[in-house]
Amino acid sequence: MSMLSTDTPGTGPLSQCPDPVRFQGLPVPLILAWTGEAPPAPGPPRATDILSVDGVRWESWTGVPQGAPLWTVHHPGRQLELMDSRTRCLVGGGPAHRTRDGLLWLLPADPAHPDPRTTAPQAIRTANPPLCLRHAHQAQRHCRRLALDCLVLLVPEVEIVSVRGTVHRPGDAPRWEEVDLHHPDLDFMVGQQLVAELRNPVVLDELPPLPQPDRSADEATPSTLPAPPGPPAFSPAQ
Ligand SMILES: [Zn+2]
């Protein structure tokens, strides 16, 4: 898997990231699944599953993004598409915010890991793609409403390193796991989330401000962050 260097010159402070569809007034990030979509019946990798990075069979859902959003569930196909690009906003699918220090990530702080604001980690793993600046501001307002602690990161170097999904080893019960790329057990996996390693992240105290004309945009409209890394709410193989 090639490594992406994110130090290419940016396209300006505000990228053209499309606004997502709304549900009951709330913008629904492109990465989320809907009730009109459904996972396949549980089972080992099938020949009909699409192939993803490193030849991993990917969980192929049916249906269309209609009905109601599943606020904590990544749609496996859209997560794959957005994360594999490493540069697309998880809310609108447009270009993520890019500065000289790297691409913008907003992550829920994970109490199970050392706090990057005090430990200066060399790398952080996540299944959440980056964000454009406008949608990052929307998402952070939602964080604050939920009293969630969010990390603001600028990331100069991003590499896809592993896959989360259900592993069906012969003779074993299916298990949700994270498996590194190139590991032989990927042959038994049905992938659901691509995981990126964010290397040498710069931790910011707060989001860069929006340019003035956009500051009022959507001020009263919450958005949402996808669920923190972990099994989806209804993984078919629990
Ligand atoms: Zn966006």
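Guide: This is a predicted model, and we can start with cysteine 89, which counts as buried because its relative accessibility is 0%, below the 20% cut-off. Cysteine 17, at 5% relative accessibility, therefore counts as buried too.

Visitor: Which atoms are the protein donors of the zinc ion?

Guide: The donors are Cys17 (SG), Cys89 (SG), Cys132 (SG) and His135 (ND1), which lie 2.0 to 2.3 Å from the zinc ion, and along the chain they follow the spacing C-x71-C-x42-C-x2-H. Cysteine 17 sits in the loop between strand S1 (4-5) and strand S2 (22-23), whereas cysteine 89 belongs to the loop between H1 and strand S10 (98-99), so the pair ties together parts that are 72 residues apart in sequence.

Visitor: What arrangement do the four donor atoms make around the zinc ion?

Guide: Ideal angles at a metal are 109.5 degrees for four tetrahedral donors. Here the four donor atoms subtend angles of 94 to 118° around the zinc ion, which makes the arrangement tetrahedral.

Visitor: Which residues of the largest nonpolar core touch the most other members?

Guide: In soluble globular proteins, nonpolar side chains tend to be buried together. In this model the largest nonpolar core has 24 residues, of which Trp105, Leu153, Val163, Leu186, Met189, Leu194 and Leu198 touch the most other members. At least two residues of this core come from each of H1, strand S11 (102-108), strand S13 (150-155), strand S14 (157-167) and strand S16 (189-199). Another core, of 21 residues, lies apart from it and includes Val28, Trp34, Leu131 and Leu133.

Note on methods:
Residues are numbered from 1 along each chain as its sequence is written. This is a predicted model: local features need pLDDT of at least 70, side-chain atom pairs count only at pLDDT 80 or more; totals for chains, interfaces and linings use all residues. Side-chain values use heavy atoms; hydrogens and water are left out. Donors are N, O and S atoms within 2.8 Å of the metal (3.2 Å for Na, K and Ca); water is not among the atoms, so sites may look incomplete. Four donors count as tetrahedral if all angles lie between 85 and 135 degrees; four count as square planar and six as octahedral if opposite donors are over 155 degrees apart and all others between 65 and 115; anything else is irregular. Helices (H or I, at least four residues) and strands (E, at least two) are DSSP runs, numbered from the N terminus. Buried means under 20% relative accessible area, exposed over 50%, partly exposed in between (1.4 Å probe, protein chains only). A nonpolar core is a set of buried Ala, Val, Leu, Ile, Met, Phe, Trp, Tyr and Cys residues joined through side-chain atoms within 4.5 Å.
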